[in-house]
Amino acid sequence: VERRDLLVPQDVRERKGSFFTPQIWVELSQRYLTDLLGTDWQDEYYVWDCAAGTGNLLHGLTNKYNIWASTLDKQDVEVMHDRIKNGANLLDDHVFQFDFLNDDFSKLPKPLQNIINDPEKRKKLVVYINPPYAEVSSKAEKGKVGVNQTRIHTKYSTILGTAGRELFAQFLIRVYSEMNGAILAEFSKLKILQGAAFIGLKEYFQASLEKIFLVPADTFDNVKGQFPIGFKIWNTGNKIQFSNAMADVYDKNFNFIGTKPNRSWSNAI
């Protein structure tokens, strides 16, 4: 129940880019959400983690009636249901299997569909995710060939361009395009803000960046390399082209080390 890697082989996890969020960053991200949305935000907003894994990103949230969790793997759904039996603060019928990059929203639970389909309720939806970081491979990494071939990749290929090689970019474009107005709170690389291959997506993705902090990627389970991962809170209802921002920066020992402008983010960690 506590360790997903006992249930799913390591090579499967790596192929899907499933890297789990350290609890310290989970707690910090929820603190940033509280700072932005207010102390009672969990009673006023709905939360959907559409890349939930075994649900560790939702640990610490209190209003189980406003939380939904979905994941690609049936094993993960079973683990979350076991966790509920052992006291996890979720509802059984709010936890379900769903392929976010391929399935239609008509497969979602009706209450969640109603929120997504109602423009006013959608403004109170927080899509809270640490999406998979898998990227379609070079020839040297044959295990990931084709991992990006999804319905969302096909649907938005013109906008995504080469950014469509990465699964997290596909998550972002679906949230922005099909749940517009929602709050998007997501852990991901900084490519949507800085990457040359993401220019088309960056121009299309016009949302206000309300808050951001940066942490070392290698503090995440099974992530290798020295680069920053950002937790970013976007208001997709505010149509603003990203240009400049200041980010709070934390080191691998979870210490706050300062605030830096976006021109120096690549070397911030």
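These legends accompany several close-up views of a predicted model.

Residues are numbered from 1 along each chain as its sequence is written. In this predicted model, local features need pLDDT of at least 70 and side-chain atom pairs count only at pLDDT 80 or more, while totals for chains, interfaces and linings use all residues, and side-chain values use heavy atoms, with hydrogens and water left out.

View 1. Helices (H or I, at least four residues) and strands (E, at least two) are DSSP runs, numbered from the N terminus. Of the 269 residues, 54% are buried, where buried means under 20% relative accessible area, exposed over 50% and partly exposed in between (1.4 Å probe, protein chains only). The chain exposes about 12,200 Å², and carbon and sulfur atoms supply 48% of that area; the areas come from the Shrake-Rupley method with a 1.4 Å probe, and for residues only the protein chains shown count as cover. Take contacts (heavy atoms within 4.5 Å) between residues at least 6 apart in sequence: 66% of them join residues at least 24 apart.

**View 2. Helix α2, residues 23–37, and what covers it.** From first C-alpha to last, these 15 residues reach 21 Å, close to the 21 Å expected at 1.5 Å a residue; the expected span is 1.5 Å times one less than the number of residues. The buried residues of α2 include Trp25, Leu28, Tyr32 and Leu33. Among the elements covering the buried residues are α3 (41–44), β4 (125–129) and β7 (228–235). After the helix comes glycine 38, with a positive phi near 105°.

**View 3. Alanine 52 and serine 70, in contact with each other.** Alanine 52 sits in the loop between β1 (46–49) and β2 (67–71), and serine 70 is in strand β2. Alanine 52 is buried at a relative accessible area of 4%; serine 70 is buried too, at 0%. Beyond neighbours within four places in sequence, alanine 52 also touches Ala69, Thr71 and Met80. The side chain of serine 70 makes a polar contact with the side chain of tryptophan 48 at 3.0 Å. (A polar contact is a pair of N or O atoms within 3.5 Å; within protein, one must be able to donate a hydrogen and the other to accept it, and residues adjacent in sequence count only if both atoms are side-chain atoms.)

**View 4. Tyrosine 128, phenylalanine 231 and phenylalanine 213, from a structure with 24 aromatic pairs.** Rings of Phe, Tyr and Trp (its six-membered ring) pair if their centres lie within 6.5 Å; planes under 30 degrees apart count as stacked, over 60 as edge-to-face and the rest as tilted. Tyrosine 128 and phenylalanine 231 have ring centres 6.3 Å apart and planes at 80°, so they form an edge-to-face pair. Because tyrosine 128 lies in β4 and phenylalanine 231 in β7, this pair ties together parts 103 residues apart in sequence. Phenylalanine 231 is buried at 1% relative accessibility. Its ring and that of phenylalanine 213 have centres 5.3 Å apart and planes at 35°, so this pair is tilted. Phenylalanine 213 lies in strand β6 and is buried, with a relative accessible area of 0%. Ring pairs link these residues into a cluster whose members include Trp25, Tyr32 and Phe187.
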